[in-house]
Structures are given as structure tokens and as C-alpha cells.
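Me: I have a structure open and would like to go through it with you, beginning with the chains and then moving to particular residues. Could you take my questions as they come?

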Amino acid sequence: MIEVIDTERCTACDICVNVCPTNVFDKTDGIPRIARQNDCQTCFLCELYCPEDALFVSPFADAPQEVDVAALKEAALLGSYRRAVGWTDESRQLRTADRSYRLFGH
Amino acid sequence: MTNPLSRAEKLSSSAGSLVLDVDVLVLGGGPAGTWAAISAAEHGARVVLADKGFCGTSGATAAAGTGVWYVDPVPERREGAMASREKLGGYLQDRRWMARVLDRTFTQSNRLADWGYPYPVDEGGKPQRNSLQGPEYMRLMRKRTKQAGVTILDHAPALELLVDENGVVAGAAGLRRQRGDRWVVKAKAVVIATGGCAFLSKTLGSNVLTGDGYLLAAETGADLTSMEFSNAYAISPAFGSVTKTLFYSWASFTDEEGSRIPGASSKGGRSVIARALRRGPVYAQLDEADSETQRHMRVSQPNFFLPFDRTGIDPFTQRFPITLRLEGTVRGTGGLRIVDDDCATTVPGLFAAGDAATRELICGGFTGGGSHNAAWAMSSGYWAGQGAAGFARQLGATSKRQVSRRGTVAFRSGNGRPLQAGKLARGVQGEVFPYELNYFREAGRLGESLRRLDGFWSEAADASAPAEQDLLRAREAAAMLATARWMYRSALARQESRGMHRRDDYPEQDDRYRHYVTTGGLDEVWTSARPLAFAQYSEAAE
Ligand SMILES: Cc1cc2nc3c(=O)[nH]c(=O)nc-3n(C[C@H](O)[C@H](O)[C@H](O)COP(=O)(O)OP(=O)(O)OC[C@H]3O[C@@H](n4cnc5c(N)ncnc54)[C@H](O)[C@@H]3O)c2cc1C
Ligand code: SF4
Ligand code: SF4
């Protein structure tokens, strides 16, 4: 489930509010609020769309988790999904890296 | 069938905060909905697309990505592709539909390439088009939908359909949940592309998929079919949402003590896993993937690894607990019955595409996951959009139409006790999640479960409308309930094991059941046997 909006990085662009398919966030005058955490379906898409790497979705789908933002930043886990799918400037080449055709038919 | 629950409330006062009048309304913005909207617009229609979430991130494909049934148009390869799953599907497929889906998928995939989808290229320089990365694909589809001139309403779940005095579908009404108001879109034709029903099981990206489109359509009298082929369960880490079963073909499965579970496997041995899970925890480890395969896995499906990298598990060298999450009709086959090549339903003006429509024509009684569902979403989306645009053109001016609302459960004044969405949804889950009810089916247990589900239905049908902020949840729960009842009535009617439908009391495939099971109805759920279409053709030819 979504656990963190990092207040140091977030620029209050509200992209996450718009893109979350299950409407977990609410707009505020500043940084969005995780308003309905229990509705989070753990799809990781808000994280993928956040341009500032300010969000962290914990992989535990059924219960909230305590997370340590400093440690997550240390381990470069914020934004790691964006990098892995090639949605950052440094990782663009990964957009064509899909090798599923080598794996099908196993 | 007439529907005694119908409100038939005239659409006059307080229509909504946003009122639009168009040719074609598409409900759902996954691959099926976006292809339908683009196709309708390209066939000259003015189009609105309304999605429950955000068109581009919502639905099963956006979160997951899909293998696609894309086969080069080489006759032997096409023949092989059609033949390969006929036995698995219990010989319920239709070769003519398979061929046209292969053709259409080829064309649509190549259009994606023209639009700039970054397909990979193999060592020989050949583009590989049988897999799509979900976020990438759906971001592109949103862009192309807008470029086609379609008006997109995000966070705008449809709650009910509108019909005219002749029973022709005339639009839909719903909520704009981020604005706290309502929308009404009058349309000459509607495409239902709301996906399947995964019963809020948290299977990747699927909590928006609660069978809403089935309920909306059934309220106007539409039929469903193949709903017994809806017991798809997928493997995921026990704690997580990522249900990608392909990679578990490199896994070994063990019990608590670390002993191998005989016969357990992702393909052909998933029922062994289900049985083992009833006895205790089951663990997997992807220890059969060599280092090259591991590398391909990482770059092909990055989100598969999120649950592992974020919990410090190395899935190739360490065991982790797994579970089976219900995916219902998202990876099953059942859905709205379509009656012609344009993907029209049994109700005039209503078309269906993607998981919301039956995939029996190309999958038979087996799951369409792994490739067929994605091909179906593209193809049926294209046809439904074209069909809806054609229907709208023929209908002509509709300014004199008397339009009424068709929503039933959760809309009426009822007995004063408001429908409790959360409680109802949990009640339905209690009937469809358990492996002993849904995975392994048997007349006695199905009958008992149906008695409880029918009880939920009478209660829900008598209940009063909930508060505005609970209305969507109430309609979702009602749609899940209706879906469960169609599934189990159909499962009782098929007294054999075929495709993915397994009956403990009838373990063999039985030739007398080589037909489709049609179902429908709300207060009274009915089923009937329907011959295969190609059997009808051959009879006509005799
Ligand atoms: C983890 C996973 C992996 C998969 N892998 C494969 C694969 O490899 N190959 C394959 O062929 N298939 C695969 N599938 C199945 C495939 O994802 C679906 O068949 C496909 O997404 C169907 O497209 P669709 O447009 O019909 O539905 P969806 O993509 O689910 O989209 C439905 C849309 O309808 C919207 N909606 C729902 N209710 C309403 C409402 N009331 N009003 C308005 N909008 C509504 C939703 O928000 C959503 O955007 C997989 C599924 C999952 C869950
Ligand atoms: S998308 Fe990222 S930067 Fe934008 S509001 Fe959300 S958390 Fe903040
Ligand atoms: S993980 Fe998905 S459901 Fe959860 S908050 Fe992010 S976008 Fe929304």
C-alpha cells in the first residue's frame, strides 16, 4: 500500500491525485494527502508517474507498514520502479529492453 | 426478460452537473475502451469515454502489461496458433472468430508500432510484437484517444444505463467522484468496456474491476455467457499484489518443512497448489531460471520484482510464501454475450468489448490470460467502436427520445435500511474466494453457496439507496453479487469438467455438454444451453 509522500521532494503537482485509479489521494492547498489508504490496490502506478520520486508504495497489499523514509532514500528505493521501466532520462534505453519473447513458450 | 426491479425513472429533473449529448459513449478506458473510442471516432462518431479511474493507469493492463496473441500471417503458424489451445479450451472455440482476431490483432499491433510504441527488436533485427508493457502501452493509448478527438472523463464511474421508450440503450449516468457531482451522457450507442470482475481481491490493478458493466447491461436485459469459466486464480507472493504466473514456470514449490510438493506447478499443477494451501503455507523459489533467463526476466517485467527487492528477498535463491488470488473473469472467459461481428449484445444500441464481453469465441472454456485476452481487447474494441458508430449513424436524430434510467439495486427508496456496501462485498468474497467452493466445484456446495448469495440479493434488492458517498461502493458490491450468482448458476448447469471449470462430482469432460451456457436475470437468475455457432452454420448448410 502507498505509505509515503516525501515532503522534501514533493512539488504539489497533483499528478498522483489524478492518476491513482482508486482515488486514494486528496488535493490540498499544498502536498496531497493520502486520504483513503485502505483503497490502495498496490499497483505502483502513482510512484511511476511521480516526476519527483517522492512516493513510496510498500509491496504489502493487505496491511499498512511502518517505513523509514531516510532509509528508503539511502537505498535509492524511491523512484526505483521508474528507473526500471525506463521512464527517467538516464534509463531511457530500458523502454525497449523487454525480452518476453525469449521467455514465452517455456 | 422483463425486469420487475426496473425503476424506469424518467430523466427529467436534476439530470446531473455535467450533461453531454453524443453519438457514442464508451464506458471503461482500458485497452478495449480506448481502441473502441478511437475506432468509433475514426468512423465519424462524436465520442465520450468515461472511466472509473484514470484512463491510462486504470484496469488490468495498465498495471500489469500483457503478452499478446500476435502471430505473423503465415498460414502454418496461424494454423498452429489456433490448434494449440483447442483441447485446453474444451473445443468450444470458433475458428472463424479466431482467424479474424488474429488478423485484427496483427493490424492493431502494427498501428501501435506506427504510433511509436517502443517494441523491442531481437538479435536478428526483427521487431517483436507479442508483448506490451502496461504503463507504456496505456499512456500511448490515452494520448491517441485524445488525438482522435474523444472527450475523456476521468474518475467518472458509470452507475447505470439509460434506455429510450423502445428499449434502445440511450446513454449512461454516473459520478464525478473528484468533483462530488454527477454526469449524464446521452448517446445513440454505448460500448461496455468496463473489464471483468476480480471481486476486490487485490490482484494487480484489478480493484477497479467489479463487474459493473455486467450489472448495467443486465439491467437493460442483456445476456451473459460462459460465466462458469470464471475461476481463474493466480499465484502471487502471499503478502503482495503482483499476480504474474508466467515466471512461476521456473519455480519449485515446497511446504512448511521444505519438502517439494509433488505435482505442484504454475501450469497444469495449480490445483495441487490450491489443495496444499488449504493444508498450510506454500513456498516458491524461482530456482530453475539460469542467469541469462534471470536477466531477461528483470528487464521484461520490472514490477514482478518490486515485492522482492522491497522486502530484501532474492526470489531465485530464497523461498517465499505464496498464495492464489482470485481473478474471476479478468483472466477467465465469461462475459456479455455478443451476437454479431460488430460485438453487439442482445440489447439494441449496446456493444461490448474486452473482458466485459465473452471470450469463449477464441478461448473456449479456458483462461484467455497470457495472450488471448489482450488480442481480444484490441480486436473487439475496434469492432465494437465501429459497430457503435454505425448504429448511431443509422439511428439518425434522437431529439424526441423519451429517456429513462435503468439502475435498480442501490437506487431505490426501499425498506429504509441503506445498502451496506462493505458488508455485502465481504459476504460475496466469502462465497467466491474459497478454493473448496470456486476452484473445486460440487453440486452440494454450489447449491448452498447460491442459497446464501440469493439471500444477499433479496436483502440488497429491498435495501434503500445509501448515502451519496457510498453509492459507487454499493453498486460495485451489487455487481460482484450478481456476477457470483451468474457464475455459480452456470457452474451448476455444466455437469462435467471442461476447460477451467472443474466439478468434483463430474470429473470428466462429457460430449453432451459441448455447448455454451447462457445466463442472465437479476431477481431470478436463469441459464440455458446454447449450441456452438459453427454447429448452427453446419446445420444450416445441410
Ligand atoms: C496481473 C495480470 C496479468 C495479465 N497478463 C495478461 C497477459 O499476459 N496476456 C493477456 O492476454 N491478458 C493478460 N491479462 C488480462 C488482461 O489484462 C485483460 O484481458 C485486459 O486488461 C482487458 O482489457 P479491458 O480494456 O477489457 O479491461 P481493463 O484493462 O481491465 O480496463 C477496464 C476499465 O474499465 C474501467 N471501469 C470499470 N468499471 C467502470 C465503471 N463502472 N465506469 C467506468 N469505467 C469503469 C476501469 O477503471 C478500467 O480502466 C492479465 C491480467 C492481470 C490482472
Ligand atoms: S506526483 Fe509526486 S510531486 Fe506530484 S504531488 Fe504527487 S507526490 Fe508530489
Ligand atoms: S499504488 Fe496504485 S492504488 Fe495505491 S495509491 Fe498508488 S496509484 Fe493508487
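This is a predicted model: local features need pLDDT of at least 70, side-chain atom pairs count only at pLDDT 80 or more; totals for chains, interfaces and linings use all residues.

Me: Is B:Cys343 buried or exposed?

Reply: B:Cys343 is buried, because its relative accessible area is 0%, and the cut-off for buried is under 20%. Its backbone also deserves a look: phi is positive, at about 65 degrees, although B:Cys343 is not a glycine.

Me: What does B:Ala156 touch, leaving out residues up to four places away in sequence?

Reply: B:Ala156 is in contact with B:Ala50, B:Asp51, B:Lys52, B:Leu175, B:Arg176 and B:Trp183.

Me: How far is B:Ala156 from B:Val282?

Reply: The two C-alpha atoms are 40 Å apart in space, and the residues are 126 apart in sequence.

Me: Let us step back to chain B as a whole. How many helices and strands does it have?

Reply: Chain B contains 17 helices and 19 strands. Its C-alpha atoms fill a box of roughly 70 × 60 × 55 Å along the principal axes.

Me: What radius of gyration does chain B have, and what would a compact globule have?

Reply: Chain B has a radius of gyration of 22 Å. This agrees with a compact globule, because one of 542 residues would have a value near 24 Å.

Me: How much of chain B is buried?

Reply: Of its 542 residues, 64% count as buried. The chain exposes about 19,100 Å², and carbon and sulfur atoms supply 48% of that area. Among contacts in chain B with a separation of 6 or more, 75% are between residues 24 or more positions apart.

Me: Which residues touch the most other members of the largest nonpolar core?

Reply: They are B:Leu27, B:Trp183, B:Tyr248 and B:Phe253, in a core of 142 residues. Helix α16 (residues 471-493) of chain B gives the largest share of this core, with 14 residues. There is also a second, separate core of 46 residues, which includes A:Val19, A:Cys40, A:Phe44 and B:Phe54.

Me: What surrounds B:Tyr248, beyond its neighbours within four places in sequence?

Reply: B:Tyr248 is in contact with a set that includes B:Phe253, B:Phe304, B:Phe308 and B:Phe320. Also among its contacts are B:Ile235, B:Pro237, B:Leu286 and B:Ile322.

Me: Which residues of helix α7 in chain B are buried?

Reply: In α7 (residues 270-279), the buried residues include B:Ser271, B:Ile273, B:Ala274, B:Ala276 and B:Leu277. In general, an α-helix has 3.6 residues a turn, so residues three or four places apart point the same way. The cover over the buried residues of α7(B) includes β11 (232-237), β12 (252-254), β13 (282-285), β14 (320-327) and α14 (435-439) of chain B.

Me: Which residues come nearest to ligand 2?

Reply: A:Cys10, A:Cys13, A:Asp14, A:Cys16 and A:Cys50 come nearest, out of 13 residues around ligand 2. That shell divides into 10 nonpolar, 1 polar and 2 charged residues.

Me: And which come nearest to ligand 3?

Reply: Ligand 3 has 13 residues around it, of which A:Cys20, A:Cys40, A:Cys43, A:Phe44 and A:Cys46 come nearest. Its shell consists of 10 nonpolar and 3 polar residues, with no charged ones. A:Cys40 and A:Phe44 also belong to the second core described above.

How values were computed. Residues are numbered from 1 along each chain as its sequence is written. Chains are lettered from A and ligands numbered from 1 in the order in which they are written. Side-chain values use heavy atoms; hydrogens and water are left out. A residue is near a molecule or strand if one of its heavy atoms lies within 4 Å of it. Ala, Val, Leu, Ile, Met, Phe, Trp, Tyr, Cys and Pro count as nonpolar, Asp, Glu, Lys and Arg as charged, and the others, Gly among them, as polar. A nonpolar core is a set of buried Ala, Val, Leu, Ile, Met, Phe, Trp, Tyr and Cys residues joined through side-chain atoms within 4.5 Å. Buried means under 20% relative accessible area, exposed over 50%, partly exposed in between (1.4 Å probe, protein chains only). Helices (H or I, at least four residues) and strands (E, at least two) are DSSP runs, numbered from the N terminus. Contact means heavy atoms within 4.5 Å. The radius of gyration is taken over C-alpha atoms; the globule rule is 2.2 Å times the number of residues to the power 0.38. Accessible areas come from the Shrake-Rupley method with a 1.4 Å probe; for residues, only the protein chains shown count as cover.
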